Every structure is written in C-alpha cells, then in structure tokens.
Amino acid sequence: MGESGALQSIVYHRGLLRLLDQRKLPLEEDYIEVKCSADGWNAIRDMVVRGAPAVAIAAALALAVEVSRLDFTGTPAEAAAFVSKKLEYLVSSRPPTAVNLSDAATKLQNLVSRTAETTEDAQAIFQAYIEATETMLVDDAIGLHGAKFLKQQHGNSIHTSVLTHCNTGSLATSGYGTALGVIHALHSGGILKNAFCTETRPFNQGSRLTAFELIHEKIPAMLIADSAAAALMKNRSVQAVIVGADRIAANGDTANKIGTYNLAISAKHHGVQFYVAAPVTSIDLSLPSGEQIVIEERPPKELLNSEGGLGKQVVASGISVWNPAFDVTPANLITAIITEKGVVTKISFNLQTVLASETHFC
Ligand code: MRU
C-alpha cells in the first residue's frame, strides 16, 4: 500500500525494488524482490507486473537497482553502452504492442549517451540513469483532467456511470492510474454513480485486478462478463466507456486490451461516449495509423486452462487457438483522449499539437 493509501504494484527505494505479484491477486498479496534487469525481464514476461506504464517503470527501475549495486571499472562510454544494452534486453521482455517501455528505453539511452560526453566519471552515468528513472514514479494528472472534462460533458450531479475494461489503476501504473484514475477522480468529486468493470477474458485483469482496486478504493462498482457490455449500454445504464491505451498512432487509432474495439463499436451504436485515458508517452507519432501497430499474441494456455491459463486444462486437447492480447480501435470511434497535459478532441488533427505543447489544453 502506498502513502496515499493507493495499492502499490511497485515498491521502490534506491537500491531496492519489490513488485506485487499480480498473478496471485486478489487472494494473496505477495511481493517479489527484483535485484537486476534479468529479474525484471522475467517478472514482465511472466505477468508479475503488467499494464503498459507499470511495465516501463518496473523495467527501468530493475536496471536502476542493478547499476546501484554494480562494481564498475570501465569508462563513461562503456557505462553508457552497458546501460543501453541492458535496456535493449528489457525491451524484449514483451512483444511491442505497448509503446511505453521502448519509449522510456530510448529516452534513457539518449540520456546516458549525452551524459557520457560530458563526464569522465562512469559512476555519473549510473547516477544520472538512476535519478531519471526515479522521476517516472508518480503522476495523477490524467485523472484530474478526465474528471473535469467528464463533468463538463455529463454534468455535475451524481448520475454518471461508466464502464471500464482491463486494468488501468494503481496496479498498472504508479499513481491512481489512467482510466481508473479518471474513475477515482470522478468518485472523489462526488459525480460517479457506478463503475462497471468487465472481466477482461482471457487473463481476467478486470475481475482479478480492477474489481479488487474498486473495492479497495470503496468505489461503487459492478462486475460484468465481457459479453454483457452491449446489453448494459442498451439499457442506458452507462454514459461513458473509459479505457487505457498501450499505443496511440498519429491518427488517433488506439491499441488496447483485446475487447476494447468491441466496446467502442457498441458504444457508437448506443450513443455512449468512448474515452481513452493515457499518458502522452503512449502517443507514437512515428506510426501513421493503427495498421502499423504490432499486436502481441499470447499462449493458447490462457484459453485452454482455467484462471486465464494459471489453472487446470478445461478445453479439449487438439483445438487450435488464436489469442491476440490487444486490438486497435479506430480514431473515429473515440470521443476524446485524456492525457496528463489535457484532453484531446478532434483527435486526428490534435495529437501533434499535444506533444508539442508545454501547457495544458482542452
Ligand atoms: O496485458 P496487460 O495486462 O499488460 O494489458 C494492459 C492494458 O491493456 C491496459 O489497458 C493498458 O496497458 C493501459 S494501462 C494504464
């Protein structure tokens, strides 16, 4: 648990990193110690930590712990090369649907290269690296911007019910989260009637993690099967769908957990607003559209076995399986993208401006 009372998937003090083993939630709260980049790589591959922002932070901090304990005798250039190589290795821990880890790695690689040009002390490279990773830890501005925007759109009184998908809260980030951060801020602002969360099969991030977080935060909430979402919207029980993002292309097309696209189509059909909440680091202007986003495919076991692959086999052997972990929602189905810098409407025109902007906008 963090100082704010929020659940903490990443516990870090300089030289020490512990990750909450999210595979055991909600029944057990067990932390594993990460001492080096190899421990971090394994934790990401095995889904101990997941959620694009949390994965990026955990990877960067795993290496921060490693270099803080390192007895290094090389030159600054060798220290920078060491960090760069380890970051490349960490980026390979999961297929690249999410942009956050590779984006963080590139920025950190640039930082250590620049530092190597201005110092004769290899330890200064590691120090600069450690300090940069520590600044990645907290930012709850997305929730506050989102709640303000939704208040403008849906009114002030307590009648806004929202549906969310996958897990985007404290467990997936380092603060209150992206979509769940907005839901948390709506609740704190007294304008949330109810938060619905999907199970998010097959890995069940919704039923195992989001339901747990909603209960923990004492937010009025209800779990639905993924397949109940259209019926929920038809009954007009929700005014908005709010989801996170793993990568947003230059035209606003957004990759997120498998099933997000279904929700966006249903929302359009039923006149429900569809919001994406994500840090600006999730925006990837190098990709013109969602067509270029590589979609992670996960093992058949997640469908063949109970508990999203963690339990026993429940499906006849021999069936073939397609298990994409993410899908792409086209920009024209998205009402607005909520970032820590503000809220982007008219998405396809505005994303470049957002990234260039130092100031808040709406
Ligand atoms: O496979 P996961 O559990 O890492 O997928 C997580 C999601 O899809 C989240 O919605 C996304 O990363 C945004 S998290 C703030």
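This is a predicted model: local features need pLDDT of at least 70, side-chain atom pairs count only at pLDDT 80 or more; totals for chains, interfaces and linings use all residues.
Visitor: What is the phi of Asn204?
Guide: Asn204 sits in the loop between β5 and α8. Most residues other than glycine have a negative phi. Asn204 is not a glycine, yet its phi is positive, at about 60 degrees.

Visitor: Where is Pro26, and which residue does a cis peptide bond join to it?
Guide: Pro26 is found in the loop between β2 and β3. The cis bond there has an omega of about 5 degrees. The residue joined to Pro26 is Leu25.

Visitor: In what order do β1, β2 and β3 form their sheet?
Guide: The three strands form an open sheet with antiparallel pairing. β1 (10-13) and β3 (31-34) each have a single partner strand, so they stand at the edges. Neighbouring strands are turned by 20 degrees against each other on average, direction ignored. The order is β1-β2-β3.

Visitor: Which residue of β3 stands opposite Leu20?
Guide: Strand β2 (residues 16-20) pairs with β3 in the antiparallel sense, over four bridges. Leu20 has its opposite number in β3. That residue is Tyr31.

Visitor: How many C-beta neighbours does Gln8 have inside 10 Å?
Guide: Gln8 is found in the segment before β1. Gln8 counts as partly exposed because its number of neighbours is 18.

Visitor: How many Å apart in space are Gln8 and Ala211?
Guide: In sequence, 203 residues separate Gln8 and Ala211. In space, C-alpha to C-alpha, the separation is 15 Å.

Visitor: What is the phi of Met47?
Guide: Met47 lies in the loop between α1 (37-45) and α2. It is partly exposed, with 19 other C-beta atoms within 10 Å. Met47 is not a glycine, but its phi is positive, at about 65 degrees.

Visitor: Which residues of α2 and α3 make the contact between these helices?
Guide: Helix α2 (residues 52-68) and helix α3 (residues 76-91) pack at an angle of about 145 degrees, with axes 10 Å apart. The crossing is right-handed. The contact residues divide into seven nonpolar, no polar and one charged. They are Ala59, Ala62, Leu63 and Val67 of α2, with Val83, Lys86, Leu87 and Leu90 of α3.

Visitor: Which strands stand at the edges of the four-strand sheet?
Guide: This open sheet has the order β11-β8-β9-β12, with mixed pairing. Each edge strand has a single partner, so one side of each is left without a neighbour in the sheet. The edge strands are β11 (283-284) and β12.

Visitor: Which residue of β11 stands opposite Ala249?
Guide: Strand β8 (residues 247-249) runs parallel to β11, and two bridges join them. Ala249 stands opposite Asp284.

Visitor: Which residue of β12 is the bridge partner of Ala255?
Guide: β9 and β12 pair in the antiparallel sense over four bridges. Both faces of β12 are covered. Phe326 and Val328 are buried on one side, Asp327 and Thr329 on the other. The partner of Ala255 is Val328.

Visitor: Within what arc do the buried residues of α10 fall?
Guide: The buried residues of helix α10 (residues 260-270) are Thr260, Leu263, Ala264, Ser266 and Ala267. They line one face of the helix, because seen down the axis they fall within an arc of 165 degrees.

Visitor: Which residue follows α10?
Guide: The residue has a positive phi, near 70 degrees. It is Gly271.

Notes
Residues are numbered from 1 along each chain as its sequence is written. A residue is buried if 20 or more other C-beta atoms lie within 10 Å of its own, exposed if 12 or fewer, and partly exposed in between; C-beta atoms are placed from the backbone. The arc is that of the directions from the helix axis to the C-beta atoms. Two strands pair if DSSP finds at least two bridges between them. Axes are lines fitted to C-alpha atoms, for helices over the stretch in contact, and angles run from 0 to 180 degrees between N-to-C directions. A crossing is left-handed if the near helix is turned anticlockwise from the far one by less than a right angle, and right-handed if clockwise. Two residues are in contact if their C-beta atoms, placed from the backbone, lie within 7 Å. Ala, Val, Leu, Ile, Met, Phe, Trp, Tyr, Cys and Pro count as nonpolar, Asp, Glu, Lys and Arg as charged, and the others, Gly among them, as polar.
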